[in-house]
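Please read them beside the coordinates.

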Amino acid sequence: MTKNHFLELHQVSSSYGRVNVLQDLSFHVNEGESVGILGRNGVGKTTTLKTIMGLLPCQHGSVSFFGNTLNTLAPHQIPHLGIGYVPQGRGIFPNLSVKENLYLGAKRTVSQAVVDSIFHRFPRLQERLTQLGGTLSGGEQQMLSIARCLIMEPKLLILDEPTEGIMPKLVHDIRAEIKRINAQGITILLVEQNVKTALELCSRILVMDKGKIVFEASSESIRANPSALSQHLEIKI
Ligand SMILES: Nc1ncnc2c1ncn2[C@@H]1O[C@H](COP(=O)(O)OP(=O)(O)OP(=O)(O)O)[C@@H](O)[C@H]1O
Ligand SMILES: [Mg+2]
């Protein structure tokens, strides 16, 4: 495996019924990187993540991760290869407790060190272990969704708009945690609507439009010259 092929999508097409959403989509994420996907509503960002996770069939092309072809695997096998997925809307089971939600995906015995590191990161969760998932605030649910992935000790963490609809204080905490998770060696693929958040957390930015990558640049070069990105997103940065 070369370093360049940590996660690679090669000419991927995927659709809902007859509605084609992803068309010839190609991009890669290097090991250790933090990559942001930006794009207007409905361009296919969530569809891209669902296709990586095997939740939507990849009709053409391939998705590979760490030497494995993901699109030939069943969806339940993919997290066990080391990919954590924090879906848009968080995906918490409202009638299960925080503890039950947390251990849901964990198959093997979880080491105490991993559990301790999760509670150190998110003390709010430790204080609420018996509370039902559905009674947590939006920000706490997002923390639980991230924690549920971390318990599996992923190599890659994929997050779909993790700060959407969350109050500013918790947005700050969640951003800081994502940054820390990446600094500790976990690769990040982040879908974001907020350009500022994406630039702060990611070293490289991809812009999607109509199911394809239409722009790619390092966050550093975007900061130096924001106009190219703002043209693609049709917004002022
Ligand atoms: N289950 C579904 N069945 C049919 N069409 C769908 C389904 N889910 C999404 N789509 C359509 O696919 C397109 C891409 O949707 P997707 O959710 O990937 O967009 P997105 O870029 O994540 O948007 P947002 O920023 O609003 O989350 C949209 O036109 C959407 O209406
Ligand atoms: Mg989406």
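1. What percentage of the 237 residues in the protein chain do buried residues make up? The share is 38%, where buried means that 20 or more other C-beta atoms, placed from the backbone, lie within 10 Å of the residue's own.

2. This is a predicted model, in which local features need pLDDT of at least 70, side-chain atom pairs count only at pLDDT 80 or more, and totals for chains, interfaces and linings use all residues. Residues are numbered from 1 along each chain as its sequence is written, while chains are lettered from A and ligands numbered from 1 in the order in which they are written.

3. The protein chain has 9 helices and 10 strands, taken as DSSP runs (helices H or I, at least four residues; strands E, at least two) and numbered from the N terminus. Its C-alpha atoms fill a box of roughly 45 × 40 × 35 Å along the principal axes.

4. Around ligand 1 lie Tyr16, Val19, Val21, Gly39, Asn41, Gly42, Val43, Gly44, Lys45, Thr46, Thr47 and Gln88, the shell being residues whose C-beta atom, placed from the backbone, lies within 6 Å of the ligand. At least two shell residues come from each of β2 (19–29) and α1 (45–52); α1 gives the largest share, 3 residues.

5. α1 is largely enclosed by the rest of the structure, because 7 of its 8 residues are buried. Those buried are Lys45, Thr47, Thr48, Leu49, Lys50, Thr51 and Ile52. Just after α1, Gly54 has a positive phi of about 75°.

Key. Buried ≥ 20, exposed ≤ 12 C-beta atoms within 10 Å, placed from the backbone.
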